[in-house]
Amino acid sequence: MQHAVSHEIALNCVLTRTRQISRALTAIYDDALRPFGIAASQFSLLVLVAELGPLSRSDLGRKNQHDRSTLTRNLQALIARGWVAEAAPGADGRSRPLSLTDAGRALLDTAAPAWCAAQGQATSLLGEAGLDALMHIAGDLPPRLS
């Protein structure tokens, strides 16, 4: 026998559905980027550092809605592979600006065709209307405060 509340949640939970979509999209990009030794979540950070850097970890986390532990885990892999550099502490003694290295730029250039292929697959999965809605929602998200 189904419980009415769980049945309603299972059918209509926005969080459950968006997480399913997220996992499907992540798998598409992960598969495309795997030959380059980088996961989709790491590639997204690499692109943000390329576009916004140099910037602090906290600024990067706010820009991409990351919690501290997830951001640290993904950044450590990028730093260890030499794709992102963390500068010496700034004037405040704490902030260590992140920037893309030459190797990181080379990776972006080399992996761009794979990303384009994944982007095409993701667009096909979502459809143009779904893609437009998703981009609109993402553009309207408020920045994280912490």
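**Entry 1**

I began with R62, which counts as partly exposed because its relative accessibility is 27%, a value between the limits of 20% for buried and 50% for exposed. I note at the outset that the model is predicted. I then looked up the partner of R62: the residue forms a salt bridge with D59, and the closest N and O atoms are 2.4 Å apart. Both R62 and D59 belong to helix α4, where 3 residues, about one turn of the helix, separate them. For D59 I found a relative accessible area of 33%, so this residue is partly exposed as well.

**Entry 1. Salt bridges elsewhere**

I recalled that side chains of opposite charge can pair when their charged atoms come close. How many salt bridges does the count come to? I recorded 4 salt bridges.

I next turned to D31 and R34, whose side chains meet in a salt bridge with an N to O distance of 2.9 Å.

I looked up E86 and found a salt bridge with R96, in which the closest N and O atoms lie 3.8 Å apart. E86 is in strand β1 (residues 84–86), whereas R96 is in the loop between β1 and β2 (98–100), so the pair ties together parts that are 10 residues apart in sequence. I noted 24% relative accessibility for E86, which counts as partly exposed. R96, at 35%, also counts as partly exposed.

**Entry 2. Helices α4 and α5**

I returned to α4 to examine how this helix meets α5. Two packed helices are described by the angle between their axes and the distance between the axes. The axes of α4 (residues 57–64) and α5 (residues 68–80) come within 11 Å and cross at roughly 115°. I recorded the crossing of α4 and α5 as right-handed.

Which residues make the contact? On α4 they are R57, L60 and G61, and on α5 they are L71, T72, L75, Q76 and I79. Sorted by class, the contact of α4 with α5 has 4 nonpolar, 3 polar and 1 charged residues.

Terms used. Residues numbered from 1 in each chain as written. Predicted model: local features only at pLDDT ≥ 70, side-chain atom pairs only at ≥ 80, totals over all residues. Heavy atoms only, no water. Axes fitted to C-alpha atoms, helices over the stretch in contact; angles between N-to-C directions. Helix = DSSP H or I, 4+ residues; strand = E, 2+ residues; numbered from the N terminus. Left-handed = near helix turned anticlockwise from the far one by under 90°. Contact = heavy atoms within 4.5 Å. Nonpolar A, V, L, I, M, F, W, Y, C, P; charged D, E, K, R; others polar. Buried < 20%, exposed > 50% of the residue type's maximum accessible area, 1.4 Å probe, protein only.
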